[in-house]
Amino acid sequence: MMASTASATAAAVAFGAAAKPRGSSSAPCARVAAGGRRRSGVVVRCDAGVEAQVQAVAKAASIAALEQFKISADRYMKERSSIAVIGLSVHTAPVEMREKLAVAEELWPRAIQELTSLNHIEEAAVLSTCNRMEIYVVALSWNRGIRELVDWMSKKSGIPASELREHLFMMRDSDATRHLFEVSAGLDSLVLGEGQILAQVKQVVRSGQNSGGLGKNIDRMFKDAITAGKRVRSETNISSGAVSVSSAAVELALMKLPKSEALSARMLLIGAGKMGKLVIKHLIAKGCKKVVVVNRSVERVDAIRKETKDIEIMYRPLSEMYEAAAEADVVFMSTASETPLFTKEHADALPTISDAMGGVRLFVDISVPRNVSACVSEIGSARVYNVDDLKEVVEANKEDRLRKAMEAQTIITEELKRFEAWRDSLETVPTIKKLRSYADRIRASELEKCLQKIGDDVLTKKMRRAIEELSTSIVNKLLHGPLQHLRCDGSNSRTLDETLENMHALNRMFSLETEKAIIEQKIKAKVEKTQN
């Protein structure tokens with residue numbers, strides 16, 4: 001029995017919605033967002049003046065919270081801004097929860113903008129993949145910043161904050177940085193050494209650069225993470241024999257098929273993106289000779305055909321998805337659709353599979369959000385596997401993988417020290433600038449007095465230039481020693497504690513008060529941003 005044309009059209013709409021931002025609306029919903037509220041399907045307009053008052057009150061409350069933070073700034077002066085990561089992954093949360101928090105790549109810039117508009121968040125980045133959703137930030141206040149992040153995640157996903165906290169992990173400063181480096185190196189992946197995650201970390205940087213969203217600390221941290229990931233792969237054998245999510249999906253499908261019939265199974269791939277392309281490559285590696293690909297357009301399929309050999313790739317348009325599924329023994333799902341493409345009704349309408357293939361159609365869904373409803377498994381003639389089920393494949397050779405991970409940790413530690421030395425060196429930069437500015441003001445003032453005493457009728461241009469160079473040289477030589485003791489970038493034996501002691505001493509001696517000035521400047525910038 002074939003699915004109806006109407007069902008195929010509905011699926012096409014769902015698949016095509018991948019490019020539409022989550023939460024984008026139809027016309028009625030747009031009217032609600034513009035100032036109405038919905039009651040029993042009827043749009044009721046709110047009074048524009050009342051809504052303006054509500055917005056004004058909310059903005060005033062936000063500014064008041066920042067001003068209160070400014071008053072209590074002394075509490076935070078001894079604690080610099082924290083780097084933090086908060087999120088959930090395949091290790092901490094089921095796919096049902098991860099898909100509610102997933103952020104499509106094209107929406108990363110908007111998410112960063114929303115996050116940095118929070119009162120205590122200075123910088124932000126989002127890393128959202130099929131196995132994880134992690135937010136990296138620089139927070140003015142650790143506790144307040146984390147509360148704001150949890151609230152943001154709760155509102156976005158519709159999951160109560162109390163339930164979210166049961167699955168979230170949070171890390172701070174060096175622990176957060178090490179985590180990102182391990183993620184980039186493939187040490188935190190479901191499949192150790194997986195290569196696709198490094199490309200996804202690179203995409204975070206590219207996306208941030210294009211949108212101007214990444215701040216100085218987060219940008220440097222992600223770039224150093226990329227370096228760490230590359231070094232781990234080139235200096236260890238962690239990637240030898242390593243599999244990606246796509247290859248694990250192929251392995252799982254072949255494990256579930258009768259061994260004698262596995263290579264003759266009819267393979268269908270829905271979605272020809274990066275993950276889908278890798279599925280085809282791994283099917284080739286396993287000896288498969290033919291695959292049918294359903295995609296929105298033929299161009300991507302043609303591009304894959306040009307890059308691959310030893311396999312016949314048959315293209316079918318999205319409108320024929322259910323017809324193609326009816327002729328397949330294994331259906332791989334890899335699309336960006338935010339709604340299921342196969343429901344229980346769709347799967348039940350498909351013809352049965354031959355006994356030679358076990359009598360069961362396999363749906364291997366590596367999409368997040370999922371493309372196949374979990375209830376499809378309730379049908380006796382279908383089995384559904386998602387990314388969480390790939391653990392069965394990657395448990396093999398666990399001991400060897402752990403040994404490789406230990407080798408990689410040495411490189412991670414080296415890169416972590418390099419990043420922390422760079423960040424530590426930033427802490428004294430404001431003092432260096434203020435001290436030099438202070439000295440330059442004195443030099444300029446005294447130079448002017450000297451030149452007035454000598455008189456313009458006596459001074460030649462050559463003499464004036466020589467006196468100015470003399471004053472600059474004296475200041476530079478006097479500052480050389482103090483400034484050298486304010487630098488701690490890992491190139492000398494000076495410890496961070498010693499450098500910070502020098503910084504505090506100079507701040508006191510010359511009344512520079514850089515710490516308070518820095519935090520007040522950051523809070524002022526936040527207040528102005530909120531007001532605007």
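1. Let's start with one term: two helices count as roughly antiparallel when the angle between their N-to-C directions is over 145 degrees. Keep that cut-off in mind as you look at this predicted model. Helix 9 (residues 196–211) and helix 10 (residues 216–235) pack at an angle of about 155 degrees, and they are therefore roughly antiparallel to each other. Their axes lie 10 Å apart, and helix 9 passes helix 10 in a left-handed crossing.

2. Which residues bring helix 9 and helix 10 together? On the helix 9 side you will find Ile197, Leu198, Val201, Lys202, Val204, Val205 and Gln209. Their partners in helix 10 are Asp219, Phe222, Lys223, Ile226, Gly229, Lys230 and Arg233. Sorted by class, the contact of helix 9 with helix 10 has 7 nonpolar, 2 polar and 5 charged residues.

3. Helix 10 has another neighbour for you to find, namely helix 8 (residues 174–184). The axes of helix 8 and helix 10 come within 8 Å and cross at roughly 45 degrees, which makes helix 8 oblique to helix 10. The crossing of helix 8 past helix 10 is right-handed. Helix 8 contributes Thr177, Leu180, Phe181 and Ser184 to this contact, while helix 10 contributes Met221, Phe222, Asp224, Ala225, Ile226, Ala228, Gly229 and Arg233. By class, there are 7 nonpolar, 3 polar and 2 charged residues in the contact of helix 8 with helix 10.

4. By class, the contact of helix 18 with helix 19 has 11 nonpolar, 3 polar and 5 charged residues.

5. Some backbone details deserve a look too. The peptide bond from Val368 to Pro369 is cis, with omega near 5 degrees. You can find Pro369 in the loop between strand 11 (361–365) and strand 12 (382–385).

6. Asp173 is not a glycine, yet has a positive phi of about 50 degrees. Asp173 sits in the loop between strand 6 (169–172) and helix 8, and is partly exposed, with a relative accessible area of 27%. Asp310, also not a glycine, has a positive phi near 65 degrees. The loop between helix 13 (299–307) and strand 9 (312–317) holds Asp310, which counts as exposed at 60% relative accessibility.

7. Finally, step back to the whole chain. The secondary structure comes to 21 helices and 12 strands. Of the 532 residues, 46% are buried. The chain exposes about 26400 Å², and carbon and sulfur atoms supply 53% of that area. Among contacts with a separation of 6 or more, 71% join residues 24 or more positions apart.

Terms used: Residues are numbered from 1 along each chain as its sequence is written. This is a predicted model: local features need pLDDT of at least 70, side-chain atom pairs count only at pLDDT 80 or more; totals for chains, interfaces and linings use all residues. Side-chain values use heavy atoms; hydrogens and water are left out. Axes are lines fitted to C-alpha atoms, for helices over the stretch in contact, and angles run from 0 to 180 degrees between N-to-C directions. Helices (H or I, at least four residues) and strands (E, at least two) are DSSP runs, numbered from the N terminus. Angles under 35 degrees count as roughly parallel, over 145 as roughly antiparallel, 65 to 115 as roughly perpendicular and the rest as oblique. A crossing is left-handed if the near helix is turned anticlockwise from the far one by less than a right angle, and right-handed if clockwise. Contact means heavy atoms within 4.5 Å. Ala, Val, Leu, Ile, Met, Phe, Trp, Tyr, Cys and Pro count as nonpolar, Asp, Glu, Lys and Arg as charged, and the others, Gly among them, as polar. Buried means under 20% relative accessible area, exposed over 50%, partly exposed in between (1.4 Å probe, protein chains only). Accessible areas come from the Shrake-Rupley method with a 1.4 Å probe; for residues, only the protein chains shown count as cover.
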